[in-house]
Amino acid sequence: MTDLAAVKAALKTQAMETPSWAYGNSGTRFKVFTQEGVPRTPQEKLADAAKVHEFTGAAPTVALHIPWDRVDDYTALAKYAGERGVKLGAINSNTFQDDDYRLGSICHPDAAVRRKAVDHLLECVDIMDATGSRDLKLWFADGTNYPGQDDIRQRQDRLAEGLAEVYQRLGEGQRMLLEYKFFEPAFYTTDVPDWGTAYAHCLKLGDKAQVVVDTGHHAPGTNIEFIVATLLREERLGGFDFNSRFYADDDLMVGAADPFQLFRIMYEVVRGGGLTSDVAFMLDQCHNVEAKIPAIIRSVMNVQEATAKALLVDGDALAAAQREGDVLAANAVLMDAYDTDVRPLLAELREESGLAPDPIAAYRRSGWQQHIAAERVGGTQAGWGA
């Protein structure tokens, strides 16, 4: 039998990081859609993020994206966040939006472009020093579109060289989190296309280099929970970028497309000790047509629900069925946990923590959406590229 008190205690420790860019305007390749009340500055993004934490109690940090969130004084920005009850989290680099990066950034054949990219990554570490951030998160759009376009092996050498320079700049308690993506915008070869490539580079760099699993960055049918289990076993799972996909990198709300997959992933996290380790649970989503703050609140709740179900798995019964080779009984143990309605448990947990049982309803009652729609008039709304 599962100890519900232990389940609640574990859930209380879970914290998720929301991304600053999710509060801005986003869209498809064809159109970026605007909404009323969208933040115009990093400070306004933090104010919205603070509301997510206020109503969920589980989103205490906010990831920044440079240069989208560039300010003159990062220490002051960290203070601003703290005054609103949140902290600054991972610093995300951007080596994919300059014209210079058409043929790559850190893997570019031109040494001058590679220097520019590495200097940007070093700038991000400087920002980490100012904000107190632990994690430098790296995703590279680098790759090629045609056979023969560039030397595949040399590109890996350039990648290793650039990463090594940035790794040496990391301070005490800081980490490098390397993300992977199997395609887009590079269609023939991508320089960090899978978890194995990311893991190989991290292994060579050292213990401060960890792999990020973006749940939307896999080919159809990929067993993501196997990747998670393996990286946890190797102590190289640095964090998640949670989102959902139907086709490719759709960046939909986590748990929206395949909640059973999210449950399976979170079971491996629980099984592998990920809830009590340094694994960072980050959201990386674009809310194109839905209201942004409620969508982020819903995403936090989806992860909480999947985690609660994972914690309800009867480990003793599962282990016994596995030892006996009872395939159906073992599967039934997992399905019993997945089929449990954990919403009453989470509502009770929130009330015990002094929160409203339904964060979405509480947010709607707060009037924050109406407030920001009336206040944030004029100026330039934040969004892709800003």
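How many bridges join E4 to strand E5, and in which sense do the two strands run? Four bridges join them, and E4 and E5 (residues 87–92) run parallel; strands count as paired here if DSSP finds at least two bridges between them. Please keep in mind that this is a predicted model, in which local features need pLDDT of at least 70 and side-chain atom pairs count only at pLDDT 80 or more, while totals for chains, interfaces and linings use all residues. Residues are numbered from 1 along each chain as its sequence is written, and side-chain values use heavy atoms, with hydrogens and water left out.

**Overall picture**

- The protein has 14 helices and twelve strands; these are DSSP runs numbered from the N terminus, with helices (H or I) of at least four residues and strands (E) of at least two.
- Its radius of gyration is 21 Å, close to the 21 Å that the globule rule gives for 386 residues, so the protein is as compact as a globular protein of that length. The radius is taken over C-alpha atoms, and the rule is 2.2 Å times the number of residues to the power 0.38.
- Along the principal axes, the C-alpha trace spans about 60 × 55 × 40 Å.
- Of the 386 residues, 54% count as buried. Buried means under 20% relative accessible area, exposed means over 50%, and partly exposed lies in between (1.4 Å probe, protein chains only).
- The protein exposes about 17300 Å², and carbon and sulfur atoms supply 52% of that area. Accessible areas come from the Shrake-Rupley method with a 1.4 Å probe; for residues, only the protein chains shown count as cover.
- Among contacts (heavy atoms within 4.5 Å) between residues at least 6 apart in sequence, 78% join residues at least 24 apart.

- In E5, Ile 91 is the bridge partner of Leu 64. From E4 the chain passes through helix H3 (residues 74–83) to E5, making a right-handed β-α-β crossover. Right-handed means that, with the strands pointing away from the viewer, the path from the first strand over the helix to the second runs clockwise.
- E4 (residues 61–65) is mostly covered, with four of its five residues buried.
- E4 also pairs with E1 (residues 16–19), in the parallel sense over three bridges. There, Pro 19 stands opposite Ala 63 of E4.
- Met 16 and Thr 18 point one way from E1, Glu 17 and Pro 19 point the other way, and all are buried.

- The bridge partners in E12 are Met 282 for Glu 17 and Phe 281 for Met 16.
- E11 (residues 237–242) pairs with E12 in the parallel sense over four bridges, and Asp 241 stands opposite Met 282. The chain reaches E12 from E11 through helix H8 (residues 259–271), in another β-α-β crossover that is right-handed.
- Both faces of E12 are covered: Ala 280 and Met 282 on one side, and Phe 281 and Leu 283 on the other, are all buried.

**Nonpolar cores**

- The largest nonpolar core has 98 residues, and Phe 140, Leu 163, Phe 240, Phe 242 and Phe 281 touch the most other members. Helix H9 (residues 292–311) gives the largest share of this core, ten residues.
- A second, separate core of eight residues includes Ala 90, Leu 177, Ala 280 and Met 282. Such a core is a set of buried Ala, Val, Leu, Ile, Met, Phe, Trp, Tyr and Cys residues joined through side-chain atoms within 4.5 Å.
- Leaving aside neighbours within four places in sequence, Phe 140 has contacts that include Leu 159, Leu 163, Leu 178 and Val 192.

**Individual sites and helix H12**

- Arg 155 sits in helix H5 (residues 152–169) and, at 1% relative accessibility, counts as buried. Not counting residues up to four places away in sequence, Arg 155 touches several residues, among them Asp 142, Asp 150 and Asp 191.
- In helix H12 (residues 343–352), Leu 345, Leu 346, Ala 347, Leu 349 and Arg 350 are buried. Their cover includes helix H1 (4–13), H9 and helix H13 (359–366).
- Just after H12, Gly 354 takes a positive phi of about 80 degrees.
- Thr 380 lies in the segment after helix H14 (368–375) and, at 61% relative accessibility, counts as exposed. The C-alpha atoms of Thr 380 and Arg 40 are separated by 5.7 Å, although these residues are 340 residues apart along the chain.
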